Amino acid sequence: MQIDEIIGNFELLDEWEDRYRYLIELGRTLEPLPKEAYTDANKVRGCASQVWLETTPTRDADGRTALAFRGDSDAHIVRGLVALVLALYSGRPAQEIVETDAAPLFKELGLAEHLTPQRANGLRSMVERIKREAKEAMAASPPFP
């Protein structure tokens, strides 16, 4: 699902109970991870729940390094947050990932004031991990002419 569609759907929901249900539904749309992806290397540190992110470097149409992500969590709402983060970052060029600040989006959606501190920390940890992997991919890739 595209990030703009998720934002639009969030805006249609006035009550936070409905927004939590929507996050849970988003999590159910994630492509299942293969068993071999549930590794210590793919585990996101800093999350109270178990979260795994699998990263696959690719090239976009312009030949730039892009990153595709898949993820999962053992908690329903957190799995929805994984889906939200993946909609924002997956498939984008590494440079765009590094430059995209997720905080304004999370604020716009009201996540900052409605998530527990543990979930908010986990969300930050996911974004930090994705940005770190994008920086590493850029460092490992030859510069784009």
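The model is predicted: local features require pLDDT of at least 70 and side-chain atom pairs count only at pLDDT 80 or more, while totals for chains, interfaces and linings use all residues. Residues are numbered from 1 along each chain as its sequence is written, and side-chain values use heavy atoms, with hydrogens and water left out.

The protein contains 7 helices and 3 strands, taken as DSSP runs numbered from the N terminus (helices H or I, at least four residues; strands E, at least two). Their order from the N terminus is α-α-β-β-α-β-α-α-α-α. The radius of gyration of 15 Å agrees with the value near 15 Å for a compact globule of 145 residues; it is taken over C-alpha atoms, and the globule rule is 2.2 Å times the number of residues to the power 0.38. The C-alpha trace spans about 50 × 30 × 25 Å along its principal axes. Buried residues (under 20% relative accessible area, 1.4 Å probe, protein chains only) make up 46% of the 145 residues.

Helix 3 and helix 7 pack at an angle of about 30°, with their axes 11 Å apart; axes are lines fitted to C-alpha atoms over the stretch in contact, and angles run from 0 to 180 degrees between N-to-C directions. The residues that meet, with contact meaning heavy atoms within 4.5 Å, are tabulated here.

| Helix | Range | Residues in the contact |
|---|---|---|
| Helix 3 | residues 76–89 | I77, V78, L81, V82, V85, Y89 |
| Helix 7 | residues 117–140 | R119, L123, M126, V127, I130, K131 |

Technical notes:
Buried < 20%, exposed > 50% of the residue type's maximum accessible area, 1.4 Å probe, protein only.
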